[in-house]
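Biologist: I am new to this entry and would like to go through it by question and answer. Please show it first.

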Amino acid sequence: MASSYLTIPARRHGGGKSFRGHGGGYHNAASLTLERYLQDLPIAEVPTSPLRPQFHTGRLPNSKLSDGKPRLLLMGQRRSGKSSISSVVFHKMPPTETLFLESTARIQKDSMHSFMDFQVWDFPGQLDFFDPAFDVDNIFGEIGALIWVIDAQDDYLDAINRLNTTILHLQQTYPSINVEVFIHKVDGLSEDYKADTFRDVIQRIQDELSDAGYENAPVSFYQTSIYDHSIFEAFSKVIQKLIPQLPTLESLLDSLCNNCRIEKAFLFDVLSKIYIAADTTPSDISSYEISSDYIDVIVDVSEIYGWDRPSKAAENEVDGEDQIENPDAESVITLQNDSYLYLREINKYLALICLMREDSRGKKGLIDYNVGVFQDALAQVFTR
Ligand SMILES: Nc1nc2c(ncn2[C@@H]2O[C@H](COP(=O)(O)OP(=O)(O)OP(=O)(O)O)[C@@H](O)[C@H]2O)c(=O)[nH]1
């Protein structure tokens, strides 16, 4: 890295010498630590749509009330890694600490409050949810996606059989549920074995489904591990299917990239490091990895040197000399290969990260302006 700068919005009141907030402790400057709480939110907003949901649903395909939060169900055999995935992605647990996780005995329900509200239900591996004692409607009635975790380091035939039974059950009652298969723990496998396992699992599931007459069941496959970025990438894809505004977001990002000669742009949910949209140019996982690492750096710096910021409403009320042009956190870092990364806080949950070539560096004013336009457009798309 050759150089970098981080702009944390200036204070509007007082001398602003120290980084201490009102409470005396250190606070976050840019809301980049984000206000997500594990809590139940009774007033979740879910857009209504007359369309029958398929991919990019954004609504609950099976919701009777059409007013629930999307629910992600984590299912699979015992010790396949479900709780680890949930802890690493949504609770920031370091992957090595998952070694000490105990087996889940009851369904664990987490409510996530972010750019959209959703729930994550972690099921104990041994649970038979089609047992008549269980209220199947209650489990599957409001779900956005079923994530089935298969341990690729273990004998996975039982897991596949159970998954096939589950999909066939669901196809009869809830045909539009997205089934997302995580072929997990691939970190311990050689490249060849990993590719063979991936193909084998897909083949076995697709054969079973087409034998049963379900050629086009909405089933997707991912190779994941909590020890690298693949689990975040996979979750990003899962969540994106639940965002009805995804096509709009993608075309906004496309036009931002075209106008500012940006090579790749991601819109990140900062705390989980899930990207909720990206421009549509093809890219490899390294663009995601570097952007996601950059968020870690910025969040760490903000947490140490940040301070409380006034709400947007309070900002708008303030007039005067210390009014600042851009109240949002921003950072640029130059990389070794003549490219640089630009981060801009978009709202309290989301940040935009752009990968650019060095030759567009002189266009900072244009980029700032266009990002401002993008931000305004986004505010109309996401009302919260
Ligand atoms: N190598 C590797 N190990 C993992 C990965 N994910 C989870 N594990 C390990 O797998 C073991 C089981 O993980 P858990 O998250 O407890 O599994 P679970 O599916 O929730 O298990 P139950 O609660 O019994 O259903 C732990 O020792 C984790 O450290 C991964 O991506 N790679």
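Modeller: One definition first: Ala, Val, Leu, Ile, Met, Phe, Trp, Tyr, Cys and Pro count as nonpolar, Asp, Glu, Lys and Arg as charged, and the others, Gly among them, as polar. This is a predicted model, in which local features need pLDDT of at least 70 and side-chain atom pairs pLDDT 80 or more, while totals for chains, interfaces and linings use all residues. Residues are numbered from 1 along each chain as its sequence is written, and side-chain values use heavy atoms, with hydrogens and water left out.

Biologist: By class, how many residues of the shell around the ligand are polar?

Modeller: A residue is near a molecule if one of its heavy atoms lies within 4 Å of it. The ligand is surrounded by 20 residues, and among the closest are Ser 83, Thr 104 and Asp 187. The shell has 3 nonpolar and 5 charged residues, and its polar residues number 12.

Biologist: Which element gives the largest share of that shell?

Modeller: Helices (H or I, at least four residues) and strands (E, at least two) are DSSP runs, numbered from the N terminus. The largest share is 3 residues, and they come from α1.

Biologist: How much of the ligand's area does the protein bury?

Modeller: Polar contacts are pairs of N or O atoms within 3.5 Å. A polar side-chain atom of His 184 lies 2.9 Å from a ligand nitrogen, and one of Lys 185 lies 3.0 Å from a ligand oxygen. Areas come from the Shrake-Rupley method with a 1.4 Å probe. Taken alone the ligand exposes 650 Å², and the buried part of that is 93%.

Biologist: Lys 185 has a positive phi; near what value?

Modeller: Most residues other than glycine have a negative phi. Lys 185 lies in the loop between β6 and α4 (191-211), and its phi is near 65°.

Biologist: Is Phe 100 buried or exposed?

Modeller: Phe 100 sits in the loop between α1 (82-91) and β3 (108-113). Buried means under 20% relative accessible area, exposed over 50%, and partly exposed in between (1.4 Å probe, protein chains only). Because its relative accessible area is 68%, Phe 100 is exposed.

Biologist: How many salt bridges does the count come to?

Modeller: Side chains of opposite charge can pair when their charged atoms come close. A salt bridge is a side-chain nitrogen of Lys or Arg within 4 Å of a carboxyl oxygen of Asp or Glu. By this rule the count is 12.

Biologist: Glu 180 forms a salt bridge with which residue?

Modeller: Glu 180 is in strand β6 (residues 178-184), and its partner, 61 residues apart, is in the loop between α5 (230-240) and α6 (246-260). Both residues of the pair are buried. The closest N and O atoms are 3.1 Å apart, and the partner is Lys 241.

Biologist: Which residue pairs with Glu 330, and in which helix does that partner lie?

Modeller: At 7% relative accessibility, Glu 330 counts as buried. Glu 330 forms a salt bridge with Lys 364, with closest N and O atoms 3.2 Å apart. The two are 34 residues apart in sequence, so the pair ties together strand β10 (residues 330-334), where Glu 330 lies, and the helix of Lys 364, α9.

Biologist: Which residues are linked with Glu 330 in a network of salt bridges?

Modeller: At 21% relative accessibility, Lys 364 counts as partly exposed. Besides Glu 330, the network links Arg 344, Lys 364 and Asp 368.

Terms used. Polar contact = N/O pair within 3.5 Å; in protein donor to acceptor, adjacent residues only side chain to side chain.
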